[in-house]
Amino acid sequence: EGQVHWQAAPQVPESLRHWLGGFGSHSRRILSLLQSLTSPNREGSKESFCWIEGSTDGKLSVKSEGHGQKRQRQQNQHHKQQQQFAIACVTVDATLVKLHAFGDADGIALLCRSVVERFMPASIRIQALDMEHPELEAEVLTALSAMSFEHTSVIPCAHYEATSFGTCDEDSMPSIVVQPLQEENAAVVNEHWKFGSDSTQAMIVDLIRTQPSSGLWVSGQLVSWAVSYSYGAIGMLFTLPSHRGKRYARHVVQHLAGRVHAQGMTPFCYVERDNCAGTSLFSESLKWRKCFNADWVSFERREAIAPDIERHWERWYSETEAEGKLPPWDAGRPNRTLQQLLPDLSPTLPAGCKALELGCGTGASSVYLAEHGFLTTAVDINRRALQRSWQRAREMGVSVRWVQENVLDLPCTAVPEESFHFIFDLQCFHALPSAIRPGLPKVIQRLLAPGGYALIITGSDLELRNLGPARLSRQEIEDAFTGVLELVHVQSTQFDPTPTYGEDPPRAWQVLLRKLA
């Protein structure tokens, strides 16, 4: 009946062991997790686990391993009445609560509501084993929407588990030292962690102090590192860009996995499914076993949504700049959909009209518009991206007005209202967190002159591979712009090839909009 029972580690009730027995192969995985949670070294930990029981129609709905379909599994003899199920390890870090969950989407959603009521976090991040994120998003959002939570992001991940525990051969590399991190290293770990913020450094200090960690030093400089969590997960793995390609991350993981295993736990990690380097490291180099997919789904309180967008993009551009590369989504040339559409659209626009690109990145499409007679303004939040754009325009001998600004803060003095007859957005709309994404159609509507057009190229849910950016459905696009701008067409297309995307890039939507005169 939706009752939530909290049980603090380190006790696993015998009744729960019996209850889990009805889940076949899944029960071994869950019990293994619970046993690692209740190991002796967990004294004083903040984690706990809980579960929800509720009457159903006589069967238990469970995901079968390796498949995206539900199946019905009979419960064991210890329970005549069938129950709906959700169980999770709950970790509390500052204002963030994380759940590693297993069970039904509606059960996990009720569990999330209980977690929010208990801890009152600003953010909640959920990872559900063997469950695709759309089903989970819908159920959790329904449970949390009345509590002022918004869905903000999805990170598709795969779960890898260690199968062997080699050692780092430091003798073959006399200039390196591999050893545990010290508390004073927390600042650099926090600086390079994609989720790092002022509020997370204390948590990293605590992890370094209480859990196994590993760092690799070259000539006295820390260049690669990873930490572990109290349930055996390895995370925050990072190598400085100037030291990549030297197998340093492999040595760090080997050293750390051995230390985690020595404490009686099986090391595992979550790798983003579009992270080619990470996938290669764990599946090919280290030979870790891929167990299942598990997507991270994040929600935040509406009043707490102030994502550090500028810092996020600064990391992308600084790291790729250090490697001498373009970001994964950047083809380094004008967008081909723009090139194909512009000849048909130009006759409907006034001569010498003003154009605006939102989220211009390194500026290839903005420069192209300027070359074709548009008085072009380009906006991006990142200074490094605009510096590359300015250099590109200078080399091509064209003039573009570059503006560093958050697109959601437009219009502004440099980008006035109703000034532009054409607006172009390549991968900006879908890059915004979903909680603040609805603001962009209104921004475009305010910036367009009457009769003006906007062309948006955004991620598509027709892309079925683990490749490319966030994916939106046609219905989501129609819902976002209906009543704001006239929807001229929504057509399926592809992004341009890039070194990351390859020659068969992800599917995309081409969205053409018009502001009525």
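Seven strands line up as β19-β18-β17-β20-β21-β23-β22 in an open sheet with mixed pairing; strands pair if DSSP finds at least two bridges between them. β19 (401-404) and β22 (486-494) sit at the edges with a single partner strand each, so one side of each has no neighbour in the sheet. On average, neighbouring strands here are turned by 15 degrees against each other, direction ignored. This is a predicted model, where local features need pLDDT of at least 70, side-chain atom pairs count only at pLDDT 80 or more, and totals for chains, interfaces and linings use all residues. Residues are numbered from 1 along each chain as its sequence is written, and side-chain values use heavy atoms, with hydrogens and water left out.

Within the sheet, β20 (residues 420-426) and β21 (residues 448-459) run parallel, joined by six bridges, and Ile423 faces Ala454 of β21. Helix α12 (residues 383-396) lies across β18 (375-380) and β19, at about 175 degrees to β19. Helix α14 (residues 474-481) lies across β21, β22 and β23 (507-514), at about 20 degrees to β23. Axes are lines fitted to C-alpha atoms, for helices over the stretch in contact, and angles run from 0 to 180 degrees between N-to-C directions; contact means heavy atoms within 4.5 Å.

Then there is β13 (residues 233-239): six of its seven residues are buried, so the strand is largely enclosed by the rest of the structure (buried being under 20% relative accessible area, 1.4 Å probe, protein chains only). β12 (residues 221-228) runs antiparallel to β13 over four bridges, with Val227 partnering Gly235.

Notes:
Buried < 20%, exposed > 50% of the residue type's maximum accessible area, 1.4 Å probe, protein only. Helix = DSSP H or I, 4+ residues; strand = E, 2+ residues; numbered from the N terminus.
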